[in-house]
Amino acid sequence: MLLSLRQIGTTGSIGDHWTPVTGKIDFFGDPSMPDPVFDGPDQARAVIRRMVRAGADWLKVAATGSVAAGTGVHDSQLTAAEMAALVDEAARQGGRKVLVHAHGARAAELAARAGAASVEHGIYLDEAAVAAMAAAGTWFVPTLSCTHGLEDVPLERIEAHRESVRLALAAGVPIALGTDNPVTPHTEALREIHYLAEAGLGATGALRASTLDAARLLGLAADRGELTERKRADLVLLDGTELDTADLAGRIRAVWHNGEPVSRARTSCARRA
């Protein structure tokens, strides 16, 4: 596992848990978890150092509000100087990278121009945002599960999310799979593959986004992500030879992890996921 611990953000961001009734709230109940709130470039560097001290492998930054809460979706909650400081300090701390929660185009563009490794969600990207991401080599992790397969999600939001994927593909932005855990948990990964396929990646592109390309984004492609010599034997055997992604869970016959077969009980759980 690669950990980001808490979601970093400025005052009032979705990482700043606070209510008018109680003030600051600690949902974690763990005194060892660092304070994720900062304001200004100097505090941005300090929050990176706090997270690294606590064991963070990656740094997750909230640059917009929450689509689930319906607030601040198109806001850009960091200045260019703050975002640049986060990315630079993460790189200084063992070459770590920054992934950015951003629903709106301007926050995604800001993240790319600062050198962030990836933009998560990106429901409302536009041509300027994807152009900046392509130029910077910033990955797009659409997490389509945060708009697809849920109740009461407006069709406009679903279509906007798909359009973001189409724009990113056309601009040459690399795409990897993510599930928006814990809002939509990791058990949604097989559905996410199908959503990506339908959004424009096709079955081959979606399967690649969930394997080799995800490993490339995370810096793990040296030993996993594809079937080749001297790489880990993490394998899923499916019924049939077609690449259709509609019922991946129902087609699982066997699973190996690090060359060892996964127990039948765990495989059965995967079938029901």
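**Close-up 1. Exposed R230 and its backbone angle.** At 78% relative accessibility, R230 is exposed (buried is under 20% relative accessible area, exposed over 50%, partly exposed in between; 1.4 Å probe, protein chains only). R230 is not a glycine, yet has a positive phi of about 65°. R230 sits in the loop between α7 (212-217) and β9 (235-238); helices (H or I, at least four residues) and strands (E, at least two) are DSSP runs, numbered from the N terminus. This is a predicted model, in which local features need pLDDT of at least 70 and side-chain atom pairs count only at pLDDT 80 or more, while totals for chains, interfaces and linings use all residues. Residues are numbered from 1 along each chain as its sequence is written, and side-chain values use heavy atoms, with hydrogens and water left out.

**Close-up 2. L5 in the segment before β1 (9-10).** L5 has a positive phi of about 60° although it is not a glycine. With a relative accessible area of 27%, L5 is partly exposed.

**Close-up 3. The cis peptide bond between N181 and P182.** Omega of this bond is about 5°. P182 belongs to the loop between α5 (155-171) and α6 (189-210). Most peptide bonds are trans, and most residues other than glycine have a negative phi.

**Close-up 4. The parallel open sheet β5-β6-β7-β8.** Four strands form this sheet in the order given; two strands pair if DSSP finds at least two bridges between them. The edges are β5 (59-62) and β8 (139-141), each with a single partner strand, so one side of each has no neighbour in the sheet. Neighbouring strands are turned by 30° against each other on average, direction ignored (axes are lines fitted to C-alpha atoms, for helices over the stretch in contact, and angles run from 0 to 180 degrees between N-to-C directions). Three bridges link β7 (residues 118-124) to β8 in the parallel sense. The bridge partner of S118 in β8 is W139. Helix α3 (residues 105-114) packs on the sheet and touches β6 (98-104) and β7, where contact means heavy atoms within 4.5 Å. The direction of α3 makes about 155° with that of β6.

**Close-up 5. Helices α1 (residues 41-53) and α2 (residues 80-92).** The axes of α1 and α2 come within 8 Å and cross at roughly 35°. In α1, the contact residues are P41, A44, R45, V47, I48 and R49; these meet A81, E82, A85, L86, D88, E89, A90 and R92 in α2.
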